[in-house]
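Take a walk through this model with the coordinates open.

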Amino acid sequence: MGAWRSDQTIEQITDHLQATFVWLKDDEWFSSGYPREHVERVDVDMKIVLSLDPQKLEDEYDRLNEVAMAVGYNYPAITDIRASVRNLADWKGRGADAFKAQIEMMELFCEEQQTMLLQGMQCLAAAYAAAVETRDVYYNLVMATEAAARNAKDKARKEDTKFAWAAVFDVADGVLSAGSGGLLGTSIGVVVQVAKDYTQRVIEGDDSDQVMENYRRQADELFQSLGHSLNKITSTLTDQSVRAEKPSPMHAPLPAMCDVKGAAFSYEYFYNDLLRGGPVVGIVADEHRKYIEEKRAEAERESKISRRLGGRAV
C-alpha cells in the first residue's frame, strides 16, 4: 500500500462528518430543520476525493516504465543496429546512403518512442500526486471541521482548528514541469517528492451554520484546484497523443534503388571501392538480371494460367 489515505479512511471520516453536522443541528431542528443539503453534499465530496485511485495510477506507471525500458534500452537490438552502420561504412552510392540513414533512424525511432512513454509516465505521476494530495488535504479539512464543530457546540472548548493545505494544482504542475528525463527506472513515489508549499488554514465559526459554510468553501476550493490539475494533465496527454499519431520518418519507404529484388536496383547505387574493379560487379549485375528475368517469366506463366481459368485465382 502506498503512502496515501485509503478509501476506507475517507469513507469513515465523511460518515462521521455527516453525523457531526446532524449533531450540530440536533437542538435546532424545530427552528432550522435537518441540514440535508450539507449532509448530502458530503457524499458528493467523498466521491470526488475517491475518483482517482492512486494504486491504479501507480500500477499503470510501473507498466509504462517497463515498456520504456524495453523500447529504449534493448541492448541486443541497438548493438545490431550500430554494428550494421559500422559494416556499411565503406559502402557508397545513393542507395547505400539511403539504407544507412534508414538504419540510423531505427535507433532514433526507439528513442522517440521512449520519450513519449516517459511523458505519459509524467502525466500519470502528476495525476497520482493530485490524487494523494487531495486525499491528504481533505482529511486535514475534515479533522479541522470536526474540531470547529466541537468548539461551536461547547463555547468553552478551544480546540485547534488549523490544518495544513497544499494547492493540488501547484503539486501536479510541479511534477509536469520537472521534466521527464529522470523518470526511467524510477518509482512513482520518488517522482512526486516535489517541494510543497504548505499553508495553514482555519475552520472558524461560532455556530453550526458558520462551521458548515466554512467547510463548504474550503472543500469547493480544494476540488476546483483538483479540477484545474486534471484539465492540465488531460491537455498535456492530448498534445502527446496528437504527436504520437504523426507518422515517423522511419516509416517512409526506401527508394526503389534499395530493393535488391526490384528492377531499379543497380550496383552503382550500392558499391564498395575495394570490390568495384573486381569480378563482383559483373557477378552482381548478372545475378540481378537473372533474378528479374525469372520473376518476369513467373509472372507471365501465372498470367497465362489465370486467363485459361477465366480470371479466377488459383
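Contact here means heavy atoms within 4.5 Å. Helices are DSSP runs of H or I with at least four residues, numbered from the N terminus. This is a predicted model, in which local features need pLDDT of at least 70, side-chain atom pairs count only at pLDDT 80 or more, and totals for chains, interfaces and linings use all residues. Residues are numbered from 1 along each chain as its sequence is written, and side-chain values use heavy atoms, with hydrogens and water left out.

Look at helix 6 (residues 94-153) and helix 7 (residues 168-177). Gln122, Cys123, Ala125, Ala126, Ala129, Ala130, Glu133 and Thr134 of helix 6 meet Val168, Val171, Ala172, Val175, Leu176 and Ser177 of helix 7. By class, this contact has 10 nonpolar, 3 polar and 1 charged residues. Ala, Val, Leu, Ile, Met, Phe, Trp, Tyr, Cys and Pro count as nonpolar, Asp, Glu, Lys and Arg as charged, and the others, Gly among them, as polar.

How do the axes of helix 6 and helix 7 cross? They come within 8 Å and cross at roughly 160°. The two helices are therefore roughly antiparallel (an angle over 145 degrees).

Now find Asn65 in helix 4 (residues 54-72). Leaving out residues up to four places away in sequence, Asn65 touches Met121, Leu183, Leu184, Gly185 and Thr186.

Finally, confidence. pLDDT is the predictor's confidence in each residue, from 0 to 100. The protein averages 83, and 87% of the residues score at least 70. Confidence is lowest in helix 2 (residues 29-32), at a mean of 55, and highest in helix 3 (residues 36-49), at 95.

Note on methods: Axes fitted to C-alpha atoms, helices over the stretch in contact; angles between N-to-C directions. Parallel < 35°, antiparallel > 145°, perpendicular 65-115°, else oblique.
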